[in-house]
Amino acid sequence: MTLKGTEILLGVAGGIAAFKAAALASRLTAAGAGVSVMMTEAAARLVAPQTFYALSGRPVRLSLWADPTSPHPHIGASKDARIFCIAPATADIMAKAAAGIADDLLSTTILAFGGPILLAPAMNRVMWSKPATQRNAARLKEDGFYFVGPETGRLSCGDEGVGRMAEPEAIERAIEEILAGSAPSRAAG
Ligand SMILES: Cc1cc2nc3c(=O)[nH]c(=O)nc-3n(C[C@H](O)[C@H](O)[C@H](O)COP(=O)(O)O)c2cc1C
């Protein structure tokens with residue numbers, strides 16, 4: 001499966017691993033994909049939207065209410081994309097997606113997007129192991145969301161454990177597998 005000419009929507013939520021999402025945007029673009037990025041308010045505090053603009057060559061969507069390219073940004077963003085990858089997926093965006101909450105651009109687009117959605121969770125190990133987060137992850141798998149990671153290793157807070165975002169290469173591979181129809185199962189962990 002080659003990503004050349006494939007439209008990919010990349011959602012960046014407010015985890016420190018947002019800097020790795022910049023490397024992912026760069027890889028996908030280098031592979032010939034068209035990459036459209038949207039960021040949450042928290043993500044835009046951690047990494048400048050301009051970084052994603054420079055790497056993808058496309059303006060970055062930040063808000064439901066201030067998008068000059070589309071009167072319905074959540075629909076406009078979804079229209080051409082074959083897959084929606086959210087990296088990093090915060091505990092917060094997973095909770096919203098599991099509950100069907102749509103109170104900002106990223107969460108509203110999750111509801112509005114009809115294709116496959118891949119989540120790359122990243123968070124502190126205690127956040128990941130909390131019953132609420134585990135419940136939300138299980139619900140999202142039941143609902144057909146794809147997951148890549150999280151991995152075990154050193155976390156940005158200095159802890160060791162489960163919660164590291166999958167590496168950009170692994171996320172790219174997961175995207176390829178999903179689009180090729182060879183991902184093990186929509187409910188696979
Ligand atoms: C420096 C910093 C790093 C953070 N890293 C994470 C993270 O890795 N994962 C996570 O779930 N939340 C993290 N948070 C908390 C989220 O930013 C916070 O829950 C926010 O409301 C998430 O909003 P969003 O899901 O709309 O992006 C971090 C916060 C700060 C200040």
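Biologist: In this predicted model, which residues of helix H9 are buried, and where do they lie around its axis?

Modeller: The buried residues of H9 are Ile171, Glu172, Ala174, Ile175 and Ile178. They cover an arc of only 160 degrees around the axis, which puts them on the same side of H9. An α-helix has 3.6 residues a turn, so residues three or four places apart point the same way. The place asked for is therefore the same side of H9.

Biologist: Which residues are exposed on the other side of H9?

Modeller: The buried residues of H9 pack against strand E1 (7-12), helix H1 (18-30), E3, E4 and strand E5 (146-147). On the other side of H9, the exposed residues are Glu169 and Ala180.

Biologist: How many Å apart are the end C-alpha atoms of H9?

Modeller: H9 has 13 residues, 168-180, and at 1.5 Å a residue it should span 18 Å. The model agrees with this expectation, because the end C-alpha atoms are apart by 18 Å.

Biologist: Which residue follows H9?

Modeller: The residue that follows H9 has a positive phi, near 75 degrees. That residue is Gly181.

Biologist: Which strands stand at the edges of the sheet?

Modeller: Five strands form an open sheet in the order E2-E1-E3-E4-E5, with parallel pairing. The strands at the edges each have a single partner strand, so one side of each is left without a neighbour in the sheet. These strands are E2 (34-39) and E5.

Biologist: What is the bridge partner of Cys85 in E4?

Modeller: E3 and E4 run parallel and are joined by four bridges. In E4, the partner of Cys85 is Leu118.

Biologist: How many of the residues of helix H5 are buried, and which are they?

Modeller: H5 covers residues 91-99 and is largely enclosed by the rest of the structure, because seven of its nine residues are buried. What covers them includes strand E3 (83-89), helix H6 (105-112), strand E4 (117-121), helix H7 (125-129) and helix H8 (131-142). After H5 comes Gly100, with a positive phi near 75 degrees. The buried residues are Ala91, Asp92, Ile93, Met94, Lys96, Ala97 and Ala98.

Biologist: Which element gives the most to the shell around the ligand?

Modeller: Of the 16 residues around the ligand, those that come nearest are Gly14, Gly15, Thr40, Thr90 and Asp92. By class, the shell has 11 nonpolar, four polar and one charged residues. Helix H2 (41-46) and H5 each supply at least two residues of the shell. The element that gives the most, with three residues, is H5.

Biologist: Is Ala43 buried or exposed?

Modeller: Ala43 has its place in helix H2. Not counting residues up to four places away in sequence, Ala43 touches Val12, Ala13, Gly14 and Ala18. Because Ala43 has 25 C-beta neighbours inside 10 Å, Ala43 counts as buried.

Biologist: How far apart in space are Ala43 and Ala33?

Modeller: In sequence, Ala43 and Ala33 are 10 residues apart. In space, C-alpha to C-alpha, they are apart by 22 Å.

Technical notes:
Residues are numbered from 1 along each chain as its sequence is written. This is a predicted model: local features need pLDDT of at least 70, side-chain atom pairs count only at pLDDT 80 or more; totals for chains, interfaces and linings use all residues. A residue is buried if 20 or more other C-beta atoms lie within 10 Å of its own, exposed if 12 or fewer, and partly exposed in between; C-beta atoms are placed from the backbone. Two residues are in contact if their C-beta atoms, placed from the backbone, lie within 7 Å. A residue is near a molecule or strand if its C-beta atom, placed from the backbone, lies within 6 Å of it. Ala, Val, Leu, Ile, Met, Phe, Trp, Tyr, Cys and Pro count as nonpolar, Asp, Glu, Lys and Arg as charged, and the others, Gly among them, as polar. The expected span of a helix is 1.5 Å times one less than its number of residues. The arc is that of the directions from the helix axis to the C-beta atoms. Two strands pair if DSSP finds at least two bridges between them.
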